[in-house]
Amino acid sequence: MTQTRKTIRFLLNDHKVELDKVAATDTLLDFLRLEQRLCGSKEGCAEGDCGACTVLVGRLAGGNLVYETVNACIRFVGSLDACHVVTIEHLRRKDGSLHPVQQAMVDMHGSQCGFCTPGIVMSLYSLWMSNPNPTNADIETSLQGNLCRCTGYEAIVRAGLAAASAGGQADDVIIRERETVTATLKGLADGARVEMGTASEKFFVPGSVDDLAELRAANPDSVIVAGATDVGLWVTKMMRPIAPAIFICHLDELHQISETATGHTIGACVTYTEFQDAVAQHFPQMAGYWNRIGGEQVRNMGTVGGNVANGSPIGDTPPVLIALGATLTLRNGDERRTLPVEEFFIDYGKQDRQAGDFVESLHIPHLAEGCEFAAYKVTKRRDEDISAVAAGFRIRVEDGKVTEAVIAYGGMAATPKRAGSVESLLVGKPWTAQTIASAEAGFAEDFSPIGDWRASAEYRALVARKLLMRFFLETTQPHENSVLVREAVA
Ligand SMILES: Cc1cc2nc3c(=O)[nH]c(=O)nc-3n(C[C@H](O)[C@H](O)[C@H](O)COP(=O)(O)OP(=O)(O)OC[C@H]3O[C@@H](n4cnc5c(N)ncnc54)[C@H](O)[C@@H]3O)c2cc1C
Ligand code: FES
Ligand code: FES
């Protein structure tokens, strides 16, 4: 029998917090600004886009303390049990002097109106801790999720470089107190189930995956909240209630990644960042694609399981997972069911799941010998933009002929979808430009894309065809500028 607790406990900067009144929809940013009067973290967009609210959250991952930047505006307080929240206020040194990252921002004139500055400092601070010698590209990646409308970024990048050489790691409060904080968080992570609030405020924090299965079966209408990079916006933008919510991102078992002879099995809560570190490196063709999902804060919070479970036609992982032949394991109580990812998507807003189901894991097969694979994302803006069209392609060519083709798109239909007619026009034919040109006829049978603010229907249809041609050209005429890192910006 799992023990039940009625409080949420975490570390906030240098002190322990225990809360007995939290609603499912309470955000960390509101808690910081309105209840704690820690107003350094700003509210710009309240939807994870601008980074003005960036804070660090430390969590135990396999017993190790990991700090990551997150967007406090879409992070729920209920998901913070046994975490360490670090805000901009914690950076100042004991003697009142500025942290090297803050000082570098001053010295390099990295701040003008200052609204974005605390968030930018937190992102640079995270980089400064993990990568003492960043390149310009590292700094730019760390700032993908931080918008500044004043500076033009150049001064901020200079500050990032200057902070690196300023040193001071030995004096840094987080680095210095790592062992104490780890021990405190281990003490807080007691494996108890947290159950709080009533009616529209109710939420659960399961003590284990088995406890999640039990809670979900007993509350089939509950909203599962993993990274909250979708659900957070339901609350802040749509004012939607989410109770009873079940917060799951703390469950270590769901963050596991294991490699077997057949491929990688990843837990449903593996974040984009964790996936990138452990799995995406096996698919170098995906490196550029992966870096264009959200910004760092979103990649640190958002999960691959959530991206699939959400069922969005424009999620970036489904076309890639479908192309790679990935499967999904759904759990309901003690029962499990495994199905190909493509079969999960039935129609717009409708997935193949029963009441009480939740996504437990995904399996991504290794790329078989002789297969070519690529992933493409076409957006209006390079960074932190949702795809107009996303594509995952995998083909096998033997003796000059296509023996296998999986062509999957996002943004082209009501669900992520394979181009079945195009595929059948490719298989058995020589892998030539002529075959690609003939196969284009299949697109009209496979897709009737819609037009919206991201792209017109005609543009989507054109891009889908051209991406297939690009895949062909890049597999047959490798060029130094067409390495299998696929990036396309509309
Ligand atoms: C600023 C910003 C930028 C973004 N950029 C991109 C982008 O470039 N590409 C992209 O594809 N997406 C993007 N997203 C969307 C989002 O990051 C993804 O959809 C994300 O993967 C969702 O995962 P999550 O863990 O945050 O899900 P949550 O928000 O926690 O949940 C999403 C949905 O999945 C359900 N769910 C979650 N986990 C499970 C589970 N284990 N079992 C059953 N149901 C579950 C939830 O109930 C909910 O319906 C962006 C979001 C933001 C805020
Ligand atoms: S306020 Fe814009 S990302 Fe949080
Ligand atoms: S300094 Fe004004 S938004 Fe960045």
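Tutor: Contact here means heavy atoms within 4.5 Å. The model before us is predicted. With that cut-off in hand, we may begin with one residue, Thr182.

Student: Which residues does Thr182 touch, not counting those up to four places away in sequence?

Tutor: Thr182 touches Leu60, Gly63 and Leu65. The C-alpha atoms of Thr182 and Leu65 are separated by 6.0 Å, although the two residues are 117 apart along the chain. Thr182 itself is found in helix H7, which covers residues 178–188.

Student: Is Thr182 buried or exposed?

Tutor: The general idea is a threshold: buried means under 20% relative accessible area, and exposed means over 50%. Thr182 has 14% relative accessibility and therefore counts as buried.

Student: How does one read a residue that falls between those limits, and where does Lys401 stand?

Tutor: Values between the two cut-offs are called partly exposed. Lys401, with a relative accessible area of 43%, is partly exposed. Lys401 is found in strand S20, residues 401–410. Leaving aside neighbours within four places in sequence, Lys401 is in contact with Arg396, Gly428, Lys429 and Pro430. Of these, Lys429 is 28 residues from Lys401 in sequence and 5.3 Å from it in space, C-alpha to C-alpha.

Student: How should I read the packing of a helix?

Tutor: An α-helix has 3.6 residues a turn, so residues three or four places apart point the same way. In this structure, helix H2 spans residues 100–107, and its buried residues are Pro100, Val101, Gln102, Ala104 and Met105.

Student: Which helices do the buried residues of H2 pack against?

Tutor: They pack against helix H3 (117–130) and helix H5 (154–166). H2 is followed by His109, whose phi is positive, near 60°.

Student: Which other residues have a positive phi, and where do Ala199 and Ala228 lie?

Tutor: Two alanines may be set side by side. Phi of Ala199 is near 45°, and that of Ala228 is near 65°; each is a positive value in a residue other than glycine. Ala199 lies in the loop between strand S7 (193–196) and strand S8 (203–205), whereas Ala228 lies in the loop between strand S9 (223–225) and H9.

Student: What is the peptide bond from Ala243 to Pro244, cis or trans?

Tutor: The bond is cis, with omega near -10°. Pro244 is found in the loop between helix H9 (231–236) and strand S10 (245–247).

Student: How is the protein divided into domains?

Tutor: There is domain 1 (4–89 + 178–247), domain 2 (100–171), domain 3 (252–365) and domain 4 (371–489). For domain 1 and domain 3, the C-alpha centres lie 22 Å apart, and 26 residues of domain 1 are in contact with 22 residues of domain 3.

Student: What is the secondary structure of the whole protein, and how compact is the protein?

Tutor: The secondary structure comes to 19 helices and 22 strands. The radius of gyration is 23 Å, close to the 23 Å that the globule rule gives for 490 residues, so the protein is as compact as a globular protein of that length. Buried residues make up 54% of the 490 residues. Among contacts between residues at least 6 apart in sequence, 65% join residues at least 24 apart.

Student: How many charged side chains does the protein have?

Tutor: There are 46 positive and 61 negative side chains, and the centres of the two sets lie 3 Å apart.

Terms used. Residues numbered from 1 in each chain as written. Chains lettered and ligands numbered in written order. Predicted model: local features only at pLDDT ≥ 70, side-chain atom pairs only at ≥ 80, totals over all residues. Heavy atoms only, no water. Helix = DSSP H or I, 4+ residues; strand = E, 2+ residues; numbered from the N terminus. Rg over C-alpha atoms; globule rule 2.2 N^0.38 Å. Buried < 20%, exposed > 50% of the residue type's maximum accessible area, 1.4 Å probe, protein only. Lys, Arg positive; Asp, Glu negative; His and termini not counted. Charge placed at Lys NZ, Arg CZ, Asp CG, Glu CD. Domains from an automatic or database assignment.
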